[in-house]
Amino acid sequence: MTFSDQFAFRPTGFTEAAIISLLHIVTDLLRSNPYVVVVALDFSKAFDTVRHSTLLQKAAELDLLDHVYNWLVHFFEGHSHRTVYAGDTSSTKTITASIIQRTSTGPAAYLITSSDLKTLHPGNRIVKFADNTYLITPASEVTTRSAEMDNIRDWAARINLTLNMIKTTKTVIHDCRKTQQDTLPLLPGITRVDTLRVLGVTLTRRLSASNHIRRVVSECSQTLYALRELRHHGLTDAGLHTVFRSVVVAKLLYASSAWSGFITASDRHRVDAFLRRSRRSGYCQPDLPSFDELLEDTDDKLFNKLCNNSQHSHYYLLPLPKLTSQHYYFRPTSSHNRQLPTRSGHLADANFITRLLYKDAIVTLFAVHCALSFPYNS
């Protein structure tokens with residue numbers, strides 16, 4: 001029982017980590033496949049239907065201390081429910097399913113419940129964030145999709161979950177720079193869509209995040225109306241700047257390390273134009289960095305955490321350290337001593353890990369060149 005494909009409720013697991021992992025898998029598969037199919041699975045009321053007996057059976061397989069397991073048993077047993085309405089009281093029913101929300105055991109309970117959902121074929125992959133689950137199938141394994149979906153339905157039925165086929169969708173992702181001959185066999189019952197909404201981030205079948213930028217800028221423009229109302233009611237400029245940074249900038253940068261490599265120069269100009277308009281209106285501080293600077297700062301912070309934490313959910317994506325013992329630390333906030341992976345195309349270059357590895361290498365080489373060309377006077 002492993003949790004490596006589950007990014008929710010983990011110390012370094014968050015929505016951005018799940019999106020980075022999904023894009024890394026898809027772009028890696030596109031190197032040798034003409035297309036990749038991503039099925040976004042939808043489970044109806046996942047947290048409300050988890051059967052306690054199944055949960056405790058899976059918990060018994062973990063390396064838990066006896067008193068911890070016994071505490072879990074006592075925690076989930078003895079719950080009941082009844083309804084009182086207009087003076088009448090219903091009969092009492094024992095609660096044998098559902099995870100108690102807003103408790104410290106709730107996230108861990110669902111993590112245990114979904115831990116044994118695996119693919120049948122090693123060429124296929126699964127990425128999970130709580131009950132948001134994505135099945136990734138390359139063209140080379142496309143004939144296994146029906147078997148994979150049957151396996152997921154059987155798994156859901158065993159643990160009292162229902163796979164909602166109406167809301168389950170599939171997206172066929174292509175490399176936009178390659179000629180496509182889509183001979184994808186039909187998979188009845190699943191709606192095919194051109195855009196994939198992954199944990200709040202919109203991606204097209206060509207792996208473009210331009211639609212995401214347009215949507216977010218539109219939503220942020222609507223937020224300016226609320227800021228104008230706050231100013232009208234007496235909120236100071238300092239207060240407006242704080243609200244803008246915590247609401248608007250946070251929305252612009254949500255999961256940006258995952259998708260910023262998949263946007264165009266015009267997308268960046270669109271955001272910069274919005275930020276300039278916000279500065280002129282006084283909604284944000286005049287020295288607010290440009291969009292590129294905000295993205296770079298966010299990338300560096302995440303990459304620095306990743307490089308310095310061997311327990312990070314994405315640490316395994318880093319290449320091995322360099323064999324040489326000589327390092328140049330001209331940029332200590334984000335420099336690394338990792339081997340550079342072989343560049344395998346524009347999609348791989350757009351991934352977070354590859355982008356940061358090569359960006360730091362370029363910065364370090366430039367710093368070394370400057371140091372050798374213009375040495376300090378002794």
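Colleague: How are α6 and α9 oriented to each other, roughly parallel or roughly antiparallel?

Modeller: This is a predicted model, in which local features need pLDDT of at least 70 and side-chain atom pairs count only at pLDDT 80 or more, while totals for chains, interfaces and linings use all residues. Residues are numbered from 1 along each chain as its sequence is written, and side-chain values use heavy atoms, with hydrogens and water left out. Two packed helices are described by the angle between their axes and the distance between the axes. Here the axes of α6 (residues 210-232) and α9 (residues 265-280) come within 10 Å and cross at roughly 10°, the axes being lines fitted to C-alpha atoms over the stretch in contact, with angles from 0 to 180 degrees between N-to-C directions. The two helices, α6 and α9, are therefore roughly parallel (under 35 degrees; over 145 is roughly antiparallel, 65 to 115 roughly perpendicular and the rest oblique).

Colleague: Which residues of α6 and α9 make the contact?

Modeller: Contact means heavy atoms within 4.5 Å. Among the residues involved are Ile213, Val217 and Leu224 of α6, and Val271 and Phe274 of α9.

Colleague: Is threonine 133 buried or exposed?

Modeller: Buried means under 20% relative accessible area, exposed over 50% and partly exposed in between, with a 1.4 Å probe and protein chains only. Threonine 133, which lies in strand β8 (residues 132-138), counts as buried because its relative accessibility is 3%. Leaving aside residues up to four places away in sequence, threonine 133 touches several residues, including Val39, Phe43 and Ile126. Helices (H or I, at least four residues) and strands (E, at least two) are DSSP runs, numbered from the N terminus.
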